[in-house]
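Work through the exercises below with the sequence and coordinates open. Each task is followed by its solution in steps.

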Amino acid sequence: MERNKKLKRLVLAALFAALSCVATLIIQIPSPMQGYVNLGDCFVLLGAYALGPVWGGAAGGIGSMLADLLAGYAHYAPGTLVIKALSALVAALIFKTQKSRRSVLPVILGGLAGEAVMVAGYFGYACLLLGKGLAAATSIPGNLVQAAVGIIASTVMIHLIGRSPKLYQYLER
């Protein structure tokens with residue numbers, strides 16, 4: 001029985017990693033902040049809520065890192081792995097502390113905390129490790145738009161999942 005539970009969690013983690021990778025690469029919405037935003041963060045957050053901090057963090061970090069590698073942004077891949085894993089970890093921890101997970105409040109609070117980690121993480125990574133200095137601050141508005149899209153999309157998805165008891169049973173208890 002325990003082995004089946006571990007296998008199911010591993011399969012779901014692989015599924016959320018794949019979903020976050022594909023949603024980052026394929027689903028691109030033009031942004032007024034130059035470039036585009038994607039739905040990858042939606043699946044990073046959903047994976048965090050469904051799998052908890054460890055497995056959700058791994059799925060979000062690995063899936064997003066793979067998207068960077070496949071899109072030709074290998075210099076961002078190490079940072080993305082850590083940043084998205086921490087983002088999912090924080091979102092899952094906030095989500096788990098809320099008593100009623102059927103309301104939107106835990107999803108929004110978890111999303112806000114997790115996406116704050118994402119915005120700060122990419123600023124720090126570009127500023128310190130990629131050597132862009134304070135010029136890295138120009139990416140903050142675009143990352144804030146990306147964060148908002150991720151929070152809104154994951155909130156809508158959780159609401160839709162909540163309508164199906166079969167799907168809702170997968171959310172971390």
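**Exercise 1. Locate glutamine 146, decide whether it is buried or exposed, and list its contacts.**

Step 1. Glutamine 146 belongs to helix α5, residues 140-162. Helices (H or I, at least four residues) and strands (E, at least two) are DSSP runs, numbered from the N terminus. The model is predicted: local features need pLDDT of at least 70, side-chain atom pairs count only at pLDDT 80 or more, and totals for chains, interfaces and linings use all residues. Residues are numbered from 1 along each chain as its sequence is written, and side-chain values use heavy atoms, with hydrogens and water left out.

Step 2. The relative accessible area of glutamine 146 is 8%, so the residue is buried. The classes are buried under 20% relative accessible area, exposed over 50%, and partly exposed in between (1.4 Å probe, protein chains only).

Step 3. Contact means heavy atoms within 4.5 Å. With neighbours within four places in sequence left aside, glutamine 146 is in contact with Val37, Asn38, Asp41 and Met118.

**Exercise 2. Find the salt bridge and state which parts of the chain it ties together.**

Step 1. The criterion is a side-chain nitrogen of Lys or Arg within 4 Å of a carboxyl oxygen of Asp or Glu. The structure has 1 salt bridge.

Step 2. It joins the side chains of lysine 84 and aspartate 41, at 2.2 Å from N to O. Lysine 84 sits in helix α3 (residues 77-97) and aspartate 41 in helix α2, so the pair links parts 43 residues apart in sequence.

Step 3. Lysine 84 and aspartate 41 are both buried.

**Exercise 3. Compare the span of helix α1 with its expected value, then describe its buried residues and what covers them.**

Step 1. The expected span is 1.5 Å times one less than the number of residues. Helix α1 (residues 2-25) has 24 residues, and its expected span is 34 Å.

Step 2. From first C-alpha to last, α1 reaches 35 Å, close to the expected figure.

Step 3. The buried residues of α1 are Leu12, Ala13, Phe16, Ala17, Ser20, Cys21, Ala23 and Thr24. An α-helix has 3.6 residues a turn, so residues three or four places apart point the same way.

Step 4. Their cover includes β1 (28-30), β2 (36-38) and α2 (40-71).

**Exercise 4. How many disulfides are there, and what is the state of cysteine 21?**

Step 1. With a disulfide taken as a pair of cysteine sulfur atoms within 2.5 Å, the count is 0.

Step 2. Cysteine 21 is in no disulfide; the nearest cysteine sulfur, that of cysteine 42, is 15 Å away.

Step 3. Cysteine 21 is buried, at 8% relative accessible area.
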